[in-house]
Amino acid sequence: MKKILILAFVIVCGVMSFQGNILQQFSGKGIISLELANKDTGTEIVSLWSDTLYGDQTLLNLAQKNTHLDFLFILVYVLLIMTLSNAQMQREKTNWLNELLRFNLFLAFLIGSLDVIENVRLLHSFHHPGNLAEFWRTDFIAWPKFMIAGWVILVYLFSVIKGYFNK
């Protein structure tokens, strides 16, 4: 299961990265720029993507596809965090670190939930390009999501590295 999740993670990351690079290259703004943008900047980004052609579509169409794919990515990374943290819990001898790894299971669910809410808000804003009143900010969701994800990764890596030194 772990190998399948890692493979799915790498593939989905690769596709989303490719799409994100196109957005960045043709507009100077990527999805993360939009996720962390305030209302004015976010409205400008969505409007720019709506007005910029990429082949037979606009960059906004590409951003929508990227956001739809992100729902699969959420499922994959939540399951991957849970699987890796659970596997590491089985090896971890230190109680407090084992409890932090156990807490990662809840945090993975929380991160995924925040990401789903963020995606719904982004998709709403995509349907109203250039409309400041209809732009739904996501920065207040994205910042905590990224900080919690960073914490989860640090706990996991600390446990893994500690395990290598204790062999």
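Ser125 is found in helix H5, which covers residues 95-126. Helices here are DSSP runs of H or I with at least four residues, strands are runs of E with at least two, and both are numbered from the N terminus. This is a predicted model, so local features need pLDDT of at least 70 and side-chain atom pairs count only at pLDDT 80 or more, while totals for chains, interfaces and linings use all residues. Residues are numbered from 1 along each chain as its sequence is written, and side-chain values use heavy atoms, with hydrogens and water left out.

So is Ser125 buried or exposed? Ser125 counts as buried because its relative accessibility is 1%; the cut-offs are under 20% relative accessible area for buried, over 50% for exposed, and partly exposed in between (1.4 Å probe, protein chains only). Leaving aside neighbours within four places in sequence, Ser125 is in contact (heavy atoms within 4.5 Å) with Val46, Glu134, Phe135 and Trp136. Phe26 is another matter: 99 residues away along the chain, its C-alpha atom is separated from that of Ser125 by 20 Å.

Val46 also turns up in the largest nonpolar core, among the residues with the most contacts inside it, together with Leu23, Ile31, Leu34, Trp49, Ala63 and Phe126. This core has 16 residues. A nonpolar core is a set of buried Ala, Val, Leu, Ile, Met, Phe, Trp, Tyr and Cys residues joined through side-chain atoms within 4.5 Å. At least two core residues come from each of H1 (2-27), H2 (31-35), H3 (39-51), H4 (59-91) and H5, and H4 gives the most, with 4 residues. Ala63 shows how the pieces meet: setting aside neighbours within four places in sequence, Ala63 is in contact with Leu23, Ile31, Trp49 and Phe126. Apart from this core lies another one, of 15 residues, with Tyr77, Val78, Ile81 and Ile148 among them.

Helix H1 has 26 residues and reaches 37 Å from its first C-alpha to its last. That is close to the 38 Å expected at 1.5 Å a residue, where the expected span is 1.5 Å times one less than the number of residues. Its buried residues include Leu5, Val12, Met16 and Leu23, and the buried residues of H1 pack against H2, H3, strand E1 (53-54) and H4.

Now for the charged side chains. Side chains of opposite charge can pair when their charged atoms come close. With a salt bridge taken as a side-chain nitrogen of Lys or Arg within 4 Å of a carboxyl oxygen of Asp or Glu, the count comes to 6. In one of them, Glu35 meets Lys145 at 3.8 Å, N to O. This pair links distant parts of the chain, 110 residues apart, with Glu35 in H2 and Lys145 in helix H6 (residues 139-165).

Glu99 counts as partly exposed because its relative accessibility is 47%, and Arg102 counts as partly exposed because its value is 40%.
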